[in-house]
Amino acid sequence: MDPLNASPSAEALLDAPGAPVVVLDDVQLAFDEKVVLRRVSFTLLRGHTTIILGASGSGKSTILKILTGLLPSDGGAVWVNGARVDQLSEQELMPVRGDLGMIFQEGALFDSLTVRENVGYKLYEELHVPIDEADRRVEEVLGFIGLAEHIDKMPSELSGGQRRRVAIARAMAFRPKIMLYDEATTGLDPITATTVDDEIIKLRDLESVSSIVVTHQLRDAFYVAERMAVRDPDGRVRIVPADPEKVRQTAFIMLKDGLICFEGDADALRASTDPYLRTFLS
Ligand SMILES: Nc1ncnc2c1ncn2[C@@H]1O[C@H](COP(=O)(O)OP(=O)(O)O)[C@@H](O)[C@H]1O
Ligand SMILES: [Mg+2]
């Protein structure tokens, strides 16, 4: 047997549960003399979640922009799915971005397009997917997030929470294996925010999506970390308290002064006695 073929390919290794899908190593960034990220390092494993916490202006969105290649860092290394995104050309970034679903805070829907057209926009307009295949995928993702009956509505006919969920469906349409959520629940009341959190949990647990969740809402952060989605034999999906193993698959990191001042799971965050963290938590 050819020993080279006996070993798994790099791609297969990256698909394995627990493989590192996003790695930031000593990333630095300043805007003129304002240092935003001093030294930021963390690793997201396949199927796991990293929740980035931090005050407004601490660099949370900046981290997401760096790892999508939208913003060049000043130093350090950034890997997504094994590719050094900080060294790739725009052209080379395309396949990397294809595996990243992004929910940006300002990522509004197109007001003049229906829910179907919003969710399928890229499928219909850019990727030249056959129309019935695109329709099927749009219906599937809207079914997944429970908004199938709203497919022909305009965004203005939906509630704020429903619009955020449609934005999630739009990002899901290309089956990205990594989802980035930038303040996906900001501005929503707690009950509505939970409906968005539930979609984040379902994608993670039912579709094995790896997630980076940026938020300054601790309630949502703990909810995502401490719940899990299960599918009953009849196909019904329930959100239930997560088992301890699952809870440990969500890492919290807290940014402060360009550094990660805390990294650990939900239990460690709750137990922390660090004065800054205590202020943030209370
Ligand atoms: N394009 C830019 N030019 C200059 N300063 C920026 C730019 N983008 C972000 N900043 C600054 O970098 C800091 C971090 O921003 P950001 O990552 O958006 O914070 P967060 O998402 O944690 O609220 C802020 O002080 C912000 O003003
Ligand atoms: Mg931000």
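Is serine 208 buried or exposed, counted by its C-beta neighbours inside 10 Å? The legends below, all for a predicted model, start there.

**View 1. Serine 208, a residue with positive phi.** Serine 208 counts as exposed because it has 12 C-beta neighbours inside 10 Å, and 12 or fewer is the cut-off for that class. It sits in the loop between helix 8 and strand 8 (210–214). Most residues other than glycine have a negative phi.

**View 2. Glutamate 183, in the loop between strand 7 and helix 8 (190–207).** Phi is positive here too, at about 55°, and glutamate 183 is not a glycine. Glutamate 183 has 19 C-beta neighbours inside 10 Å, so it counts as partly exposed.

**View 3. Strand 6 (residues 100–103), covered on both faces.** Leu100 and Met102 are buried on one side. Gly101 and Ile103 are buried on the other. Strand 6 pairs with strand 7 (residues 178–182) in the parallel sense, over 4 bridges. Leucine 100 stands opposite isoleucine 178 of strand 7.

**View 4. The largest nonpolar core, with 66 residues.** Leu67, Ala169 and Leu180 have the most contacts inside this core. Helix 7 (residues 160–172) gives the most to it, with 6 residues. Beyond its neighbours within four places in sequence, leucine 180 touches Leu64, Leu100, Gly101, Met102, Ile103 and Ile212.

**View 5. The shell around ligand 1.** Among the residues here are Phe31, Val36, Gly54, Lys60, Ser61 and Thr62. By type, the shell holds 2 nonpolar, 7 polar and 1 charged. Helix 3 (residues 60–67) gives the most, with 3 residues.

Conventions. Residues numbered from 1 in each chain as written. Chains lettered and ligands numbered in written order. Predicted model: local features only at pLDDT ≥ 70, side-chain atom pairs only at ≥ 80, totals over all residues. Near = placed C-beta within 6 Å. Helix = DSSP H or I, 4+ residues; strand = E, 2+ residues; numbered from the N terminus. Nonpolar A, V, L, I, M, F, W, Y, C, P; charged D, E, K, R; others polar. Core = buried A, V, L, I, M, F, W, Y, C linked by C-beta atoms within 7 Å. Buried ≥ 20, exposed ≤ 12 C-beta atoms within 10 Å, placed from the backbone. Contact = placed C-beta atoms within 7 Å. Pairing = 2+ DSSP bridges.
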